[in-house]
Amino acid sequence: MANTSLERGLTILAEVAGGADTTVEGVASRLGIPVSSTYRYFKTLKARGFIVEDAGAYRPGRALLALSGQYSVQNHLAEVGTAVLRSIVENVGETAVMIIRVGASAMCLRCAETDKAFKYTFAVNELLPLYAGAGQRLLLAWSPPDVTKQVLDGELIRFTKNTLDADQIRSSLIQIRSAGWAISRGELDPGSVSVAVPVFVSGEVVCSLNVAGPEARCGSKTWVTSALKALNRAAENLSLSLESLSPTINTRKALDAD
């Protein structure tokens, strides 16, 4: 067990840096430190930007990642994602999702849900098909040609009767790049509607912001227009936030993670 305050602080930093989302209680138990003392260390480290908190769990913060040279777009997206999505939920009233590309798949990086009884949910770190769903197809539209070829030449599972085939996907990618946004109607879940917009950094799309809800609430042009307004505002603010960090962040790490 670490004996000095400095040793304890460094040990706690190593715990947070070395694993997944970490809790105060878990670290206290592993290191044999009282929970009250451990909390004070976490509070200090959080105030100085070495760790960040999300729903009671802690991850490496910008200061710790910068020291280790690991700070990337994905780290920043994970750090601010929940707050960005909650602002969208407040404006739109439906589930909001931040999606990134991981090789030839998509992944839900962060999700914020509406409090309505009937809603669509996504699990954080859940892998999703890159060709079905508004946020996913939007990422495919800005993927490198080799990724697009890999996806379209592979097995395209038909999740619903509305899931697009290869030719329809190719056509949709052109439309998405031209319009700057994407819409999906029941491609993954019957009766669902989702719209998505890209977030650009240095000319590259690093994630999509997506809102999804049931057709009964989200099927009208008025709703789509309102959702796009909230999404575009959030995407613009997030893009500016990311651009302000350049060139200290690694964009490619987020785009082509495997």
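Reader: Okay, which strands does α6 lie across?

Author: Quick heads-up, this is a predicted model. Helix α6 lies across β3 (95–102), β4 (105–112), β5, β6, β7 and β8. Against β8, α6 runs at about 160°.

Reader: And what's the order of the strands in that sheet?

Author: Going across, you get β5-β4-β3-β8-β7-β6, an open sheet of six strands with antiparallel pairing.

Reader: So which ones are the edge strands?

Author: β5 (127–129) and β6 (182–185), each of which pairs on one side only.

Reader: How much are neighbouring strands turned against each other?

Author: On average by 35°, ignoring direction.

Reader: Zooming in, how many bridges join β7 to β8?

Author: Ten, between residues 192–201 of β7 and residues 204–214 of β8, with the two strands running antiparallel. One to click on is Val201, whose bridge partner in β8 is Glu204.

Reader: Switching to helices. At what angle do α6 and α8 pack?

Author: About 80°, with the axes 9 Å apart; α6 covers residues 134–141 and α8 covers 166–179. That angle makes α6 roughly perpendicular to α8.

Reader: Which residues make the contact?

Author: From α6, Arg137, Leu138, Leu140 and Ala141. On the α8 side there's Ile169, Ser172, Leu173, Ile176 and Arg177.

Definitions and conventions: Residues numbered from 1 in each chain as written. Predicted model: local features only at pLDDT ≥ 70, side-chain atom pairs only at ≥ 80, totals over all residues. Heavy atoms only, no water. Axes fitted to C-alpha atoms, helices over the stretch in contact; angles between N-to-C directions. Helix = DSSP H or I, 4+ residues; strand = E, 2+ residues; numbered from the N terminus. Parallel < 35°, antiparallel > 145°, perpendicular 65-115°, else oblique. Contact = heavy atoms within 4.5 Å. Pairing = 2+ DSSP bridges.
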